[in-house]
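Please look over the sequence and the structure first.

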Amino acid sequence: MSFTMNRVYTEYYRGRGYDFTLTSSTAFDQKWVYGRNIFDTISAVVDEMFGNYLSRPNVKQPLLTQYCDGRNVSCPNWLSQWGSQSLAQQGYTAIEILRYYYGESIYINTAEEISGVPASWPGYDLAEGSSGQKVLQLQEELNVIAGAYPALPRIAEDGVYGSATRAAVEKFQSIFGLPVTGSVDYRTWYKISEYYVGVSRIAEGI
């Protein structure tokens with residue numbers, strides 16, 4: 001759940017130009033087959049845990065958790081299915097197993113509600129004169145990116161798309177090879193999202 005919710009929350013594929021949120025391949029995400037038979041015991045566990053995901057302090061996004069089976073595929077220092085089983089046999093609790101692999105700061109969080117698949121794109125271009133929550137989100141993400149790219153100016157986080165925000169957007173577009181328009185279209189929005197996720201190291205779960 002944590003892995004899937006991270007993919008959805010960070011809009012991993014949309015930030016790379018795709019028009020979908022998740023694949024249906026275990027090579028990339030998780031496999032789901034409509035109408036496939038299930039086991040009642042597994043179904044009960046899924047219902048119980050469906051809203052749970054892994055968090056770190058002061059990080060909004062669910063942690064990107066990855067694992068392998070630990071037999072057919074080796075993944076040193078990553079959680080593995082058989083490695084987890086071995087720790088459980090030694091008496092480790094679920095949270096102790098998770099912290100063994102992901103560090104002491106990790107904890108199990110619970111979503112208040114899971115409904116639909118959200119998209120951060122506001123549905124229209126942001127430009128000088130725009131205002132509101134989406135402009136504020138844009139400003140916050142640009143400032144995080146500026147921490148890793150000093151050429152990008154820091155701007156006030158006031159939710160108002162003024163000349164300083166326009167200049168920061170133009171600089172971002174220039175640095176990352178986008179048409180320099182000073183406005184945020186779909187492509188620029190998701191390119192900013194992609195670099196925000198990368199700079200804040202959310203995608204790696206660190």
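Among contacts in the protein chain between residues at least 6 apart in sequence, 54% join residues at least 24 apart; a contact means heavy atoms within 4.5 Å. This is a predicted model, in which local features need pLDDT of at least 70 and side-chain atom pairs count only at pLDDT 80 or more, while totals for chains, interfaces and linings use all residues. Residues are numbered from 1 along each chain as its sequence is written, and side-chain values use heavy atoms, with hydrogens and water left out.

**Overall make-up**

The protein chain contains 7 helices and 4 strands, in the order α-α-β-β-β-α-α-β-α-α-α from the N terminus. Helices (H or I, at least four residues) and strands (E, at least two) are DSSP runs, numbered from the N terminus. Along the principal axes, the C-alpha atoms fill a box of roughly 60 × 35 × 30 Å. Of the 206 residues, 36% count as buried; buried means under 20% relative accessible area, exposed over 50%, and partly exposed in between (1.4 Å probe, protein chains only).

**Helix α6**

Which residues of α6 are buried? They are T165, A168, V169, F172 and Q173. These residues lie on the same side of α6, because they cover an arc of only 135° around the axis; the arc is that of the directions from the helix axis to the C-beta atoms. An α-helix has 3.6 residues a turn, so residues three or four places apart point the same way. The buried residues of α6 pack against α5 (133–146) and α7 (186–199). Just after α6, G177 has a positive phi of about 75°.

**Two single residues**

S84 is in helix α3 (residues 81–89), and V199 is in helix α7. The table gives their relative accessibility.

| Residue | Relative accessible area | Class |
|---|---|---|
| S84 | 15% | buried |
| V199 | 25% | partly exposed |

Leaving aside neighbours within four places in sequence, S84 is in contact with L79, I97 and Y101. V199 and A146 are 53 residues apart in sequence and 9.2 Å apart in space, C-alpha to C-alpha.
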